[in-house]
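Visitor: Can you walk me through this one? I have not looked at it before.
Guide: Here it is.

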Amino acid sequence: MTQAERDAAHLARCLELAAQVPGRISPNPRVGCVITDRRGRVLAEGAHRGPGTAHAEVAALEALRQKGRSARGATLYVNLEPCAHHGRTPPCAPAVAASGVARVVIGALDPVAGHGGGARQLRRAGVRVDVGVAADACRLLNRAFYGWAERGRPYFVLKAAMTLDGKIATATGQSRWISGAPARELGHRWRGELDAIAVGRGTVEADDPQLTLRLPGARIADPVRILLDSHAAVSPRARVFATPGALVACLRSAAPRRLAALRAVGAVPLLLPADRRGRISLPALARALGARGVTSVLVEGGAEVHASFLAARLADELRLVVAPLALGGQPGRSGPSWLGGRGVTQLARAPRFAPLAPPAVVGDDVLLTLRPLW
C-alpha cells in the first residue's frame with residue numbers, strides 16, 4: 001500500500017468515526033481522528049461527541065495516553081483542521097503540537113472565521129502538515145456546517161414521501177401511510193440530526209403534527225419547530241404549540257391580536273418582510289435562522305412550501321422517499337404532488353438535480369438523495 005492509499009484509508013476511518021456519533025452535535029461539525037505509528041498501524045482513535053465535549057484530536061490523544069503510549073513520531077489524521085481558538089474547550093492545535101506527533105493529515109480546513117489557523121500553528125511548531133486528503137468526502141459529511149459557516153444561513157433539506165407517480169396523498173387526502181415504518185423511523189432520525197424542522201400552515205391544519213422526535217430510547221432534544229404562516233392565522237390550539245418555543249415565521253403586517261395569541265401559548269413570532277408576491281421572504285427567514293445559530297433545517301412541506309424553497313434557490317438537498325405505490329388519476333381529480341408552485345412550461349427551465357448518494361433501499365421504499373444543479 002502506498003502512502004497516498006494509506007492516508008486515504010485512515011481519513012476514511014476518521015469519517016466513519018465522525019458519522020457514528022448519534023444525534024445532533026451542531027453547531028459543531030462531525031470530526032473523527034486516527035493516530036498511527038510510523039508503519040501506519042492504528043494506535044488510537046477518537047471522535048467529537050458534541051458541544052462542550054473533547055474534540056476528536058484530544059479524545060484520540062487521551063485514548064492513547066490511557067494505553068500508556070506516546071504520540072511522539074506518530075501521524076495524526078483528522079477530517080477537519082484542528083482548531084486554534086478558545087471556545088467551550090481549549091484549542092486543539094497546541095495540544096496536538098505538544099503531543100510530539102511528527103505529521104498531521106487534514107481532510108479540509110475550518111471554514112469558520114476565527115476558528116482556523118490550526119494548520120499554520122502546527123507548521124510553525126515543526127510538524128509536517130498535509131491538507132486536502134479526501135477533501136470532497138470531508139466536506140460532504142459536514143455539508144450543513146460548511147453551508148452555515150460560509151453563507152450565514154442554514155442548510156435546507158427538502159423531505160417528502162411520495163408514490164411512484166409523485167403523489168403525497170390520494171384524491172380524498174389520505175396520506176397515512178405512503179411510506180413504510182422503516183422510512184418513517186429514518187425520518188425521525190433526521191429530526192434528531194438536523195437542528196430544525198419546518199412546515200407550512202396547510203400541513204398543520206391538515207395533519208396537526210407535533211413535529212417532535214419519536215425514537216424509542218433516544219436521548220436527543222426535539223428539533224426547533226418552525227411554522228411558515230404569512231398572516232399568523234394558525235390556531236393557537238394546534239399540537240405544534242403543545243410545548244413552548246415554536247417559531248412562527250410571519251409577515252410584519254400580521255394582525256397584532258394573532259401574534260398575541262401565539263405568544264400566549266409560548267410561540268415565538270419571527271416578523272419578516274414580504275417578497276414580491278406578498279409572501280414571507282425566504283432569504284430573510286434564512287438570515288434570521290442563521291443569526292439564531294440554526295445550521296440545518298428539515299423542510300417537510302407541503303407542496304407549496306417545497307416549491308417556494310426551490311424558487312428561492314434555498315433547497316440545498318432533496319431527500320425523497322419513493323414508495324412502491326401508484327395512485328394515478330386525471331388532472332384535477334388526482335392527489336397532490338410533493339411539489340406545487342406554478343410549474344414550468346419548458347423543460348429547459350426545469351430545476352435539475354444530481355445524486356448526492358446512491359439510491360438506498362429502506363424497507364420496501366427507495367430513498368433518493370439529490371442536490372440541485374443551480
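Visitor: What volume does the largest pocket have?
Guide: The largest pocket has a volume of about 1200 Å³. A pocket here is an open set of points on a 1 Å grid over the protein atoms alone, where a 1.4 Å probe fits, with protein on both sides within 12 Å along at least five of seven lines; lining residues have an atom within 4 Å of a point. The volume is the space filled by probe spheres set on the points, which are joined across faces, edges and corners.
Guide: This is a predicted model: local features need pLDDT of at least 70, side-chain atom pairs count only at pLDDT 80 or more, and totals for chains, interfaces and linings use all residues. Residues are numbered from 1 along each chain as its sequence is written, and side-chain values use heavy atoms, with hydrogens and water left out.

Visitor: Which residues lie nearest the centre of the largest pocket?
Guide: R277, E304, A307, S308 and A311, out of 36 lining residues.

Visitor: Where does the largest share of the lining come from?
Guide: From α11, with six residues. Helices (H or I, at least four residues) and strands (E, at least two) are DSSP runs, numbered from the N terminus.

Visitor: Switching topic: what about strand β11, buried or exposed?
Guide: S296 and L298 on one side and V297 and V299 on the other are all buried, meaning under 20% relative accessible area (1.4 Å probe, protein chains only), where exposed is over 50% and partly exposed is in between.

Visitor: Which residue stands opposite V297?
Guide: F156 does. Its strand, β6, runs parallel to β11 over four bridges; strands pair if DSSP finds at least two bridges between them.

Visitor: And how many bridges join β7 to β11?
Guide: Three, also in parallel, with I197 partnering L298.
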